[in-house]
Amino acid sequence: MTRRRWLAHIVFRALTHRRGRTLLLLAVLTLASSLATALGIVSASMRARVAEETRKYGANLVIMPESERVEVGSGGLRFGAIGEPAYLNQDQVLAALAQSGVKGDYSFHLKGTLTLKGVEIPCEGVDFAQARRLSPWWQIAGNWPRQGEVLGGSDLTPRYHIHTGDLFDFAGGKGTLRVQVAGVVTTGGEEDGTLFLDLKELQHQMGRPGQVSQVRLLVDPGKGSLKAQAALLQRFLSGAAVKELRQVGRTSEELLGKVQLLMLLVTAVVLVTAGSSVAGTMGTTVLERGKEIGLMKAMGGSRWDLLKIFSAEALLLGLGAGVGGFLLGSLIAQFVARSVFAADAAPRPEFFPVALGVSLLLALAGSVGPLLSVFRLDPVESLRGE
């Protein structure tokens with residue numbers, strides 16, 4: 001029998017002879033590995049779920065120009081401040097997005113007014129393809145506009161007798177603009193009192209090519225907190241302010257963070273307990289096998305041979321527990337995600353190395369003390385039973 005086969009035979013017999021302790025160690029390591037795996041899978045799945053749910057509420061960041069404000073009054077009399085309309089440059093915003101690395105959908109908006117039969121009507125220029133992506137809750141009666149068409153807000157259309165299919169000549173800016181109403185939009189917000197035109201048409205009409213009043217962004221919360229991404233983008237935008245548009249994203253982030261912290265604390269406690277249990281069980285095993293260890297040393301086995309045996313036992317336990325921990329962790333993650341978050345947490349193969357690493361680390365770390373005692377064990381004393 002070769003030396004390698006002899007070592008493998010000893011390791012296998014040692015594990016099978018003490019089935020109770022072997023199964024206990026496997027159970028402890030599997031539990032610790034499964035909790036670490038479940039934490040990772042639930043966290044990754046919930047981040048994806050938060051990002052998906054956040055999209056339903058539209059943009060979560062907004063870029064606005066810093067308005068020029070002038071104080072009105074003289075001496076001790078102050079009548080307040082008036083603001084001049086300020087605009088953003090589209091190219092500057094696109095450059096800032098590229099330089100900052102902030103990723104997400106965006107839409108440009110230009111606010112203005114047009115005149116219909118002597119009455120000023122609030123209007124907003126948008127890229128309808130962008131608006132459609134960022135505003136999934138908009139309810140359109142009719143069709144999304146094409147070239148030369150507009151959308152009328154649901155509050156605006158009855159007030160000014162604007163209906164789907166009507167042709168109107170709007171005055172203002174650089175002359176008369178003839179458009180057709182493609183549909184009526186209902187949002188439940190201020191957009192219901194607005195006439196939506198193509199962005200470039202309104203820019204031309206107002207003499208503001210390449211300029212917008214604001215930019216709305218839908219960034220991925222999974223790439224970092226909204227506050228951090230807003231601050232990062234702000235560094236590349238002078239003369240503009242980047243603000244969080246909704247509290248929904250922040251609330252979701254805070255909830256997810258608390259759940260992750262709770263699971264992390266539970267996992268940490270289990271890992272510490274598992275490590276202690278492994279150390280105690282391996283230490284007891286070394287004491288029970290003292291005579292066996294002494295006999296092997298007396299027969300010519302080196303200290304390194306003994307260390308190889310105990311290390312191989314720990315590695316085999318860690319490998320087995322890693323596989324079992326990944327499978328059990330995937331089931332735990334599925335249960336937690338469905339029962340607590342009403343979400344799906346599909347198994348993620350990328351967390352298999354995590355499960356394997358946790359179980360191997362605990363098995364080896366818990367064996368350090370017993371391995372050192374094996375290294376220092378005196379064969380004569382162990383054979384005497386001392």
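**Exercise 1.** Is E350 buried, partly exposed or exposed, and what is its relative accessible area?

*Solution.* The model is predicted: local features need pLDDT of at least 70 and side-chain atom pairs count only at pLDDT 80 or more, whereas totals for chains, interfaces and linings use all residues. Residues are numbered from 1 along each chain as its sequence is written, and side-chain values use heavy atoms, without hydrogens and water.

Step 1. Buried means under 20% relative accessible area, exposed means over 50%, and partly exposed lies in between (1.4 Å probe, protein chains only).
Step 2. E350 has a relative accessible area of 46%, so E350 is partly exposed.
Step 3. The side chain of E350 meets that of R348 in a salt bridge (3.3 Å, N to O); the term requires a side-chain nitrogen of Lys or Arg within 4 Å of a carboxyl oxygen of Asp or Glu.
Step 4. R348, at 25%, is partly exposed.

**Exercise 2.** Which residues of helix α7 are buried, and how are they arranged around the axis?

*Solution.* Step 1. Helices are DSSP runs of H or I with at least four residues, strands are runs of E with at least two, and both are numbered from the N terminus.
Step 1. In α7 (residues 226–234), the buried residues are L226, Q229, A230 and L233.
Step 2. These residues lie on the same side of α7 because they cover an arc of only 100° around the axis, the arc being that of the directions from the helix axis to the C-beta atoms.
Step 3. An α-helix has 3.6 residues a turn, so residues three or four places apart point the same way.

**Exercise 3.** How many aromatic pairs does the whole structure hold, and what is the geometry of the pair of W138 and W144?

*Solution.* Step 1. Rings of Phe, Tyr and Trp (its six-membered ring) pair if their centres lie within 6.5 Å; planes under 30 degrees apart are stacked, over 60 edge-to-face, and the rest tilted.
Step 1. The search finds 5 aromatic pairs.
Step 2. W138 and W144 are stacked, at 6.1 Å centre to centre with 5° between the planes.
Step 3. The pair of F168 and F170 is tilted, because the ring centres are 6.2 Å apart and the planes stand at 50°.
Step 4. W138 and W144 are buried, and F168 and F170 are buried as well.
Step 5. One aromatic cluster is formed by W138, W144 and F196.

**Exercise 4.** With which strands does β5 pair, and in which sense?

*Solution.* Step 1. Strands pair if DSSP finds at least two bridges between them.
Step 1. Strand β5 (residues 104–116) pairs with β13 (residues 214–219) in the antiparallel sense over 6 bridges; D105 has L218 as its bridge partner in β13.
Step 2. β5 also pairs with β6 (residues 119–126), antiparallel over 8 bridges, and K111 stands opposite E124 in β6.
Step 3. The hairpin of β5 and β6 has 2 residues between the strands, and K117 takes a positive phi near 55° there.
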